[in-house]
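Me: I would like to go through this structure one feature at a time. Please give the general idea briefly, then the case at hand.

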Amino acid sequence: MTRGTQNAFRACAAAFVVLAASPALAQNKNDPGEIRGLKLGLKARTMTTDGFGEFACGSNGGPARQKLDDWNGFVKRQPEAGGLREVNVRFEDEREYIGRAIDDDRYTDQRSSTRVAGHPVILSVLFDNDGTLRGLRFISDPRASPLERRMAHMLRLAVINRYGAGGWNCTDIPAADGETAVGGVFVKQRCEKQTPERALNIEARFLRKPGQNAIDPATGEYTQGQFESWTRFEVFDPAARK
């Protein structure tokens, strides 16, 4: 583990405690699931749709594609390069159920329910050709508010804490030409961890790209949202990555 990663762990120890308490990531000893009961090895034909909605063909973190009725719609998605078929799905919550019941869209924020450790995410489930769940992917939602998007890189810390801080191989990637820190913080990191049960991959960014500035050079006013901040997390069945 790099020194930069170790420093990040120490600086964000308090954040670990808060983020890990989120029910979307926290697990008890009797629940081996990764998130909301989703876990490697489940079969699409027996998976519940309770608590999930807006099934669609996934696009690797991009906009949802063809709408699907349930998990079994994975067969309509063309396989990725690795052979898995991606189903995009969204969490449904109590506020949404109430909003639908009273036919009031104002009651629910359509972006609020799919969160991991408090962060809005785009969630995908990946099946093999036989309908076995072989992978999960969640990526920070770029449609989040500027404040939520600014904190998106912190999601990597909750994930690392969830799967244990030891055993990660993390690489801090050097800044490319024109990339700069945001408020003195620069994150461009890739982490991997392999166990007999899981292959884990995390990528995170918190930086300014060329042309992005804290202060508008033309007006002298503070800008909003001119930065890149995201976390991408994937967990796979190791056998599916061979």
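Me: Is Glu 54 buried, partly exposed or exposed, and why?

Reply: This is a predicted model. The classes rest on relative accessible area: under 20% is buried and over 50% is exposed. Glu 54 has 49% relative accessibility, so this residue counts as partly exposed. Glu 54 belongs to strand E1, residues 52-57.

Me: What is the phi of Glu 54?

Reply: The phi of Glu 54 is positive, about 55°, although the residue is not a glycine.

Me: Where is Ala 117 found, and what is its phi?

Reply: Ala 117 sits in the loop between strand E3 (115-116) and E4. Its phi is positive, about 50°, and Ala 117 is not a glycine either. Ala 117 counts as buried because its relative accessible area is 6%.

Me: Which residue takes a positive phi just after H5?

Reply: That is Gly 164, with a phi of about 90°. Helix H5 itself covers residues 155-162 and is mostly covered, with six of its eight residues buried. The buried ones are Leu 155, Arg 156, Leu 157, Ala 158, Val 159 and Ile 160.

Me: Now the cysteines. How many disulfides does a search of the whole structure find?

Reply: A pair of cysteine sulfur atoms within 2.5 Å is taken as a disulfide. The search finds one. The partners are Cys 170 and Cys 191, with their sulfur atoms 2.1 Å apart. This pair links distant parts of the chain: Cys 170 lies in strand E6 (residues 169-172) and Cys 191 in strand E7 (residues 187-194), 21 residues apart.

Me: Why is the disulfide of Cys 170 and Cys 191 called right-handed?

Reply: The handedness is read from the torsion about the S-S bond, which is about 115° for Cys 170 and Cys 191, so the disulfide is right-handed.

Me: Are Cys 170 and Cys 191 buried or exposed?

Reply: Cys 170 counts as buried, at 4% relative accessibility. Cys 191 is buried with a relative accessible area of 1%. Cys 57 is also buried, with a relative accessible area of 4%.

Me: Which residues is Arg 77 in contact with, leaving aside its neighbours within four places in sequence?

Reply: Cys 57 is one of them; the others are Gly 58, Ser 59, Arg 65, Arg 85 and Glu 86. Arg 77 itself is in the loop between E1 and strand E2 (85-91). Its relative accessibility is 11%, so Arg 77 counts as buried.

Me: How many nonpolar, polar and charged residues does the lining of the largest cavity have?

Reply: Three are nonpolar, two are polar and three are charged.

Me: Which residues line the second largest pocket?

Reply: Ile 139, Ser 140, Asp 141, Pro 142, Arg 149, Lys 209, Phe 227, Glu 228, Ser 229 and Trp 230 line the second largest pocket. About 150 Å³ of space lies within the pocket. Ser 140, Asp 141 and Arg 149 also line the largest cavity.

Me: Which strands each supply at least two residues of the lining of the second largest pocket?

Reply: They are strand E5 (133-140) and strand E9 (228-236). E9 gives the largest share, three residues. Sorted by class, the lining of the second largest pocket has four nonpolar, two polar and four charged residues.

Me: Last, the confidence values. What is the mean pLDDT of the protein?

Reply: The mean is 83, and 77% of the residues reach 70 or more. Residues 1-23 have pLDDT below 50, and beyond near neighbours in sequence this stretch has 30 contacts in the model. Over residues 27-32 the pLDDT also stays under 50, and the model has six contacts for them beyond four places in sequence.

Conventions: Residues numbered from 1 in each chain as written. Predicted model: local features only at pLDDT ≥ 70, side-chain atom pairs only at ≥ 80, totals over all residues. Heavy atoms only, no water. 1 Å grid on protein atoms, 1.4 Å probe; cavity = no way out; pocket = protein on both sides within 12 Å on 5 of 7 lines; lining within 4 Å. Points joined across faces, edges and corners; volume = space filled by probe spheres on them. Helix = DSSP H or I, 4+ residues; strand = E, 2+ residues; numbered from the N terminus. Nonpolar A, V, L, I, M, F, W, Y, C, P; charged D, E, K, R; others polar. Buried < 20%, exposed > 50% of the residue type's maximum accessible area, 1.4 Å probe, protein only. pLDDT = per-residue confidence, 0-100. Contact = heavy atoms within 4.5 Å.
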